[in-house]
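Here is a colleague's note on the structure, written as numbered points. Please keep the sequence and the 3D view open while reading.

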Amino acid sequence: MADENTQAANTEEQAVQPTLQIQRIYVKDVSFEAPNLPTIFQQEWKPQLKFDLNTETVELAEGLYEVCLNLTVETTLEDSNDVAFICEVKQAGVFTVLGLEGVQLAHCLTAQCPNMLFPYARELISSLVNRGTFPALNLSPVNFDALFMQQLQAQQEEAEKAAETTH
């Protein structure tokens with residue numbers, strides 16, 4: 001009887017243990033455009049870089065999520081404002097996430113999972129730019145934890161403003 005209670009307690013502890021496992025990482029979509037080739041190479045290379053990043057999450061089943069990191073890099077030349085290249089990458093992964101709820105789950109899906117995906121997307125973008133024969137592009141690391149905290153702070157400020165307007 002005591003052994004059964006101990007086994008039941010151990011089973012409950014294991015069920016509550018927070019778990020994050022990578023099931024698969026893959027490229028969902030990729031695009032590279034260089035609309036002004038080859039004339040762009042005749043201009044002085046003074047690039048202006050525009051970088052956009054966002055994430056999407058879809059729950060596939062209980063505890064199973066697809067997280068997609070969307071990156072867009074657009075480079076124009078400073079003097080002419082001509083587009084040198086536009087590179088869009090959707091790097092995705094399927095993750096098992098168990099034992100997390102609320103803010104912890106949101107943090108996992110919008111910070112930890114994208115943090116695992118970013119090196120893959122970064123390498124793909126670098127490779128695509130290289131294949132276009134443009135100078136090397138090495139994206140700086142992204143602090144997804146800081147982005148998550150900014151998002152939480154913005155949501156809290158919006159909630160406070162909404163509460164003030166209702167009073």
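1. Contact here means heavy atoms within 4.5 Å. Leaving aside neighbours within four places in sequence, threonine 72 is in contact with Lys50, Phe51, Asp52, Ile86, Cys87 and Glu88. Please note from the start that the model is a predicted one.

2. Threonine 72 belongs to strand β3. Its relative accessible area is 22%, and buried means under 20%, so threonine 72 is partly exposed.

3. The side chains of aspartate 52 and lysine 50 form a salt bridge, with 4.0 Å from N to O. Aspartate 52 is partly exposed at 37% relative accessibility, and lysine 50 is partly exposed too, at 48%.

4. How many salt bridges does the structure hold? The number is 3. As background, side chains of opposite charge can pair when their charged atoms come close.

5. Another of these salt bridges joins lysine 28 and glutamate 66, whose closest N and O atoms are 3.0 Å apart. Lysine 28 sits in strand β1 (residues 19-33) and glutamate 66 in strand β3, so this pair links distant parts of the chain, 38 residues apart. Is glutamate 66 buried or exposed? Glutamate 66 is buried, with a relative accessible area of 11%, whereas lysine 28 is partly exposed at 46%.

6. Not counting residues up to four places away in sequence, glutamate 66 touches Tyr26, Lys28, Glu56, Thr57, Val58, Leu60, Ala92, Gly93 and Val94.

7. The salt bridge between lysine 46 and aspartate 79 has its closest N and O atoms 3.9 Å apart. Lysine 46 is in the loop between β1 and β2 (47-61), and aspartate 79 is in the loop between β3 and β4, so the pair ties together parts that are 33 residues apart in sequence. Lysine 46 is partly exposed, with a relative accessible area of 30%. Aspartate 79, at 56%, counts as exposed.

8. Next, the nonpolar core. Which residues touch the most other members of the largest nonpolar core? Among its 31 residues, they are Phe85, Val89, Val97, Leu109, Phe118, Ile125 and Leu137. The elements giving two or more residues to this core are β3 (64-77), β4 (83-98), α2 (102-131) and α3 (144-166). Of these, α2 gives the most, with 12 residues.

9. Valine 97 is one of the core residues named above. Not counting residues up to four places away in sequence, valine 97 touches Thr19, Leu20, Gly63, Tyr65, Leu105, Cys108 and Leu109. Leu109 is itself on the list of core residues that touch the most other members.

10. Aromatic rings are the last topic. A search of the whole structure finds 6 aromatic pairs. In one of them, the rings of phenylalanine 41 and phenylalanine 134 have centres 5.2 Å apart and planes at 45 degrees, so the pair is tilted. Phenylalanine 41 lies in the loop between β1 and β2 and phenylalanine 134 in the loop between α2 and α3, 93 residues apart. Phenylalanine 41 is partly exposed at 41% relative accessibility, while phenylalanine 134 is buried at 4%.

11. The rings of phenylalanine 118 and phenylalanine 144 have centres 6.0 Å apart and planes at 65 degrees, so this pair is edge-to-face. Phenylalanine 118 is in helix α2 and phenylalanine 144 in helix α3, 26 residues apart. Phenylalanine 118 is buried, with a relative accessible area of 5%, and phenylalanine 144 is buried at 3%.

12. Which residues do ring pairs link into a cluster? They are Phe32, Phe41, Trp45, Phe85 and Phe134. Phe85 is also listed among the core residues that touch the most other members.

Definitions and conventions
Residues are numbered from 1 along each chain as its sequence is written. This is a predicted model: local features need pLDDT of at least 70, side-chain atom pairs count only at pLDDT 80 or more; totals for chains, interfaces and linings use all residues. Side-chain values use heavy atoms; hydrogens and water are left out. A nonpolar core is a set of buried Ala, Val, Leu, Ile, Met, Phe, Trp, Tyr and Cys residues joined through side-chain atoms within 4.5 Å. Buried means under 20% relative accessible area, exposed over 50%, partly exposed in between (1.4 Å probe, protein chains only). Helices (H or I, at least four residues) and strands (E, at least two) are DSSP runs, numbered from the N terminus. Rings of Phe, Tyr and Trp (its six-membered ring) pair if their centres lie within 6.5 Å; planes under 30 degrees apart count as stacked, over 60 as edge-to-face and the rest as tilted.
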